[in-house]
Amino acid sequence: MENISFEKRDNVAILKISRPKFLNALNSETLRELEMAIDDIQKDKDIYALVITGEGNKAFVAGADIKEMSNMSVFEAREFSILGNRVFRKIEGLEIPTIAAVNGYALGGGCELSLCCDIRIASENAKFGQPEVTLGITPGFGGTQRLARIIGTSRAKELIFTGRMIDAKEAEKIGLVNKVVPQESLMDEVMDLANSIAKNAPLAVRMCKVAINRGIDVDIETGIQYEAEIFAHCFSTEDQKDAMAAFLEKRKIDKFKN
Ligand code: HXC
């Protein structure tokens with residue numbers, strides 16, 4: 001792959017968008033590579049958490065590739081949006097937890113990429129924004145939908161209507177990022193978080209994510225019934241038996257299996 005690098009550290013995978021000359025802007029080729037990487041991750045049962053970040057210390061992803069978009073026909077623009085949405089839905093639909101390590105500009109499609117991750121950790125120099133209206137377009141990789149769901153419609157509308165860039169502190173204040181850390185410790189902090197997730201019972205963690213994601217789109221009664229099902233399902237796993245026995249016997253469990 002030309003524009004994506006992939007690495008596995010124990011049970012955590014790290015995907016890096018790597019077009020630093022263009023501040024990691026997403027062109028069609030990069031989106032297709034990202035899709036292939038996500039498909040591989042989805043099949044790998046030894047990956048318990050995924051970290052997505054950008055190459056270098058300036059940008060996470062500065063948006064969709066403006067050069068490529070500048071000459072698109074209506075048909076091509078629709079195809080481009082469909083491609084990005086398909087890839088981002090795959091990221092959102094991964095059962096393993098995903099963390100965006102936002103190491104700089106996260107604008108337009110870059111902000112949208114961070115939005116389809118479960119958790120966003122930003123470095124102090126990170127900047128977020130949906131500047132599409134300044135280019136005569138709308139967000140096209142899910143920004144109008146996910147930003148509103150994460151920070152509320154009123155704040156999302158303000159950011160999308162103005163195209164204003166916000167710094168990491170403001171992003172934390174409005175609930176767009178979970179935590180802001182110094183740039184030099186970003187990856188250590190994110191890996192600590194990913195490892196603290198990956199050390200828990202992997203099937204239980206996956207089921208929690210699916211339950212939260214499904215629950216958002218259904219009424220509370222349906223969501224709670226689903227939770228009762230996954231809760232019961234855990235009692236068919238070795239992990240539940242081992243972990244509860246270990247607690248009662250006052251010993252630590254080595255490693256989860258399921
Ligand atoms: C293509 C980009 C790019 C982008 C930066 N570059 N962002 N190329 N697409 N989104 C390129 C620049 O052209 C430049 O290339 C190089 O990266 C370095 O960028 P500079 O502008 O020189 O850096 P700087 O002055 O530090 O400014 C950083 C910046 C600015 C504030 C992030 O680059 C910027 O405003 N970028 C565009 C951000 C944006 O509008 N994103 C939203 C795009 S629309 P050269 O060759 O000149 O060195 C979008 C829609 C998503 O994302 C939905 C699609 C369906």
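A residue counts as exposed when its relative accessible area is over 50%, as buried when that area is under 20%, and as partly exposed in between. In this predicted model, D10 has a relative accessibility of 70% and therefore counts as exposed. The residue is placed in the loop between β1 (4–9) and β2 (12–17), and, although D10 is not a glycine, its phi is positive, at about 55°. A positive phi, of about 50°, is also found at L23, which is likewise not a glycine. L23 belongs to the loop between β2 and α1, and its relative accessibility of 26% lies between the two cut-offs, so that L23 counts as partly exposed.

Helix α1 spans residues 28–43 and includes E33. This glutamate is buried and yet has no salt bridge, the nearest side chain of opposite charge being that of R32, at 8.3 Å. When neighbours within four places in sequence are left aside, the residues in contact with E33 are M1, E2, N3 and I4.

Contact between the two domains involves 12 residues of domain 1 and seven residues of domain 2. Between them, domain 1 and domain 2 bury about 820 Å², and 50% of this area is on carbon and sulfur atoms. Within domain 1, the residues that lose the most area to domain 2 are Y48, E95 and I197, which together make up 46% of what that side buries.

As for the helices of domain 1 on the side that touches domain 2, α3 (74–93) and α8 (186–198) each supply at least two residues, and α8 gives the most, with three residues. A salt bridge joins the side chains of E95 and R206, with a distance of 3.5 Å from N to O; E95 is also one of the residues of domain 1 that lose the most area to domain 2.

Terms used:
Residues are numbered from 1 along each chain as its sequence is written. This is a predicted model: local features need pLDDT of at least 70, side-chain atom pairs count only at pLDDT 80 or more; totals for chains, interfaces and linings use all residues. Side-chain values use heavy atoms; hydrogens and water are left out. Helices (H or I, at least four residues) and strands (E, at least two) are DSSP runs, numbered from the N terminus. Buried means under 20% relative accessible area, exposed over 50%, partly exposed in between (1.4 Å probe, protein chains only). Lys and Arg count as positive and Asp and Glu as negative; His and the chain ends are not counted. A salt bridge is a side-chain nitrogen of Lys or Arg within 4 Å of a carboxyl oxygen of Asp or Glu. Contact means heavy atoms within 4.5 Å. Buried area is the accessible area (1.4 Å probe) that two parts lose on being put together, summed over both.
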